[in-house]
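The stops below are meant to be selected in turn.

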Amino acid sequence: MRLTEQIDMRQPRDTIREECEVLQINDNQLREIMNRLNKALLLGLGKETHSKAIVKCFITYIQDLPNGTEKGKFLALDLGGTNFRVLIINLGPNHFDMQSKIYAIPKHIMTGTGTALFDHIAECLANFMKEHEVFNERLALGFTFSFPLKQLGLTKGILERWTKGFSCSGVVGEDVVQLLKDAIARRGDISISVMGILNDATGCLMSCAHKKRDARIAVIIGTGSNACYVEKTDNCELFDGPPGKKELLINTEWGAFGDDGALDFIRTEFDRDVDANSINPGKQVQEKMISGMYMGELVRLVLVKFTKMGLLFGGRGSDLLFERGSFYTKYVSEIESDKPGDYTNCMDILEELGLSHATEADMAGVRHVCECVSRRAAHLVSAGMATLLNKMAEPRVTIGIDGSVYRFHPHFHSLMCEKIAQLANPGIVFDLMLSEDGSGRGAALVAAVACRERC
Ligand code: BGC
């Protein structure tokens, strides 16, 4: 009898572990992913192949990293994650003084018309300028716009498509700098000069390079995911800017990697479910396996399956568990922050979800699912980082990183350090650096460097 009980106790745990194996990517698979990503990057950079490429490798027209001599007062806008921010930044030889305000973007604006979106942005900017008593000044502005943008110059960028829950009409195919200028003109009460438009990954790289000169790659693991790196201008076949500078920042837009099936060999039923129920099915396949907008939902789908199989919660779920979007990505970080053998956060979260009947074995199962999903994300990002490091073939590179998943997950950093070291070519030394507000600082720095170069 005792023996039978023990076997019964052990069985769900073992089955959970077996079922979760589909979420593990082994090193051979990671190396295959690296090969495919490398090819995808080359297609994005190539003149003949770019238009059909999945990983676009957009040219940023940023060729100068900060050198520490930038100075002046700048405005910055940051649109792209969960919030919209306006910032004012004072840059000097040894100081960086920044004030900012977060403005919500209501859901109806995220999915409404482009005109309403840009009117809202212009209104927030005007209010901010009033509050900071620069209403009547004409300041230089950097605009961080974190969506796939085909840049035609430092201040001209055409939106390729929306991601991350945005779907405003009338913006795809348009120059977003012009849309911002139009909205400001409609108000007629403020005046700014847009010095540059950039992506958050680019901003992250600029802000890290301001502190560490060997920062050459940046990656965002937040609501969405993306990477930016320094490429030799000679390799950027589409670059049509002024000759003479050896390097150029490339916004890879790697969130789209896999949109052509390149990741199908590691995708699971949970990934397909998340994708099918998203606002952009078939798009941003890699992003949906990595980023904060989807991670919690992936975990939830696994938990639902295990509950239905009778492996968790005695087969009894709750209304919330079965509701889409109810398992927030921050829960993954919180659950994994519990010490081994302790389930304090896990218990609180399961209670919130109406699962107070969970046993300790259930909590161990839930934690295991979280670990598998977050570890897979960390490994995918690491494969991407190693691909870029190997491609750049520089002996020493600092990688700037930003985004809520990296920032708040207790083990993402160490998982990445370990896996990149295994996948990068021998002899390459790298360092991971948490970026301090790359989007805001980066926008100001792009504006500042543009002013520096002009003077
Ligand atoms: C966007 C990128 C952005 C990334 C991180 C993705 O969805 O396409 O432009 O850099 O999210 O915010």
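Predicted model: local features only at pLDDT ≥ 70, side-chain atom pairs only at ≥ 80, totals over all residues.

Start with the open five-stranded sheet, whose order is β4-β3-β2-β5-β8 with mixed pairing. Select β4 (95-103) and β8 (192-198): these are the edge strands, and each has a single partner, so one side of each has no neighbour in the sheet. On average, neighbouring strands here are turned by 20 degrees against each other, direction ignored.

Next, select residues 72-79 and 84-92, which are β2 and β3; the two run antiparallel and are joined by eight bridges.

Move to the largest pocket, with a volume of about 1,000 Å³. Centre the view on Thr-223, Gly-292, Met-293, Tyr-294 and Thr-329, which lie nearest the pocket's centre among 33 lining residues. Elements giving two or more residues to this lining are α3 (107-110), α9 (292-308), α10 (329-337) and α13 (404-408). The largest share, six residues, is from α9. Coloured by class, the lining shows 11 nonpolar, 16 polar and six charged residues.

Finish at the second largest pocket, which holds about 540 Å³ of space. Of its 22 lining residues, select Asp-78, Gly-81, Asp-402, Gly-403 and Ser-439, which lie nearest the centre. Both α13 and α15 (438-454) supply at least two lining residues, and α13 gives the most, with three. The classes here are three nonpolar, 12 polar and seven charged.

Key
Residues numbered from 1 in each chain as written. Heavy atoms only, no water. Pairing = 2+ DSSP bridges. Helix = DSSP H or I, 4+ residues; strand = E, 2+ residues; numbered from the N terminus. Axes fitted to C-alpha atoms, helices over the stretch in contact; angles between N-to-C directions. 1 Å grid on protein atoms, 1.4 Å probe; cavity = no way out; pocket = protein on both sides within 12 Å on 5 of 7 lines; lining within 4 Å. Points joined across faces, edges and corners; volume = space filled by probe spheres on them. Nonpolar A, V, L, I, M, F, W, Y, C, P; charged D, E, K, R; others polar.
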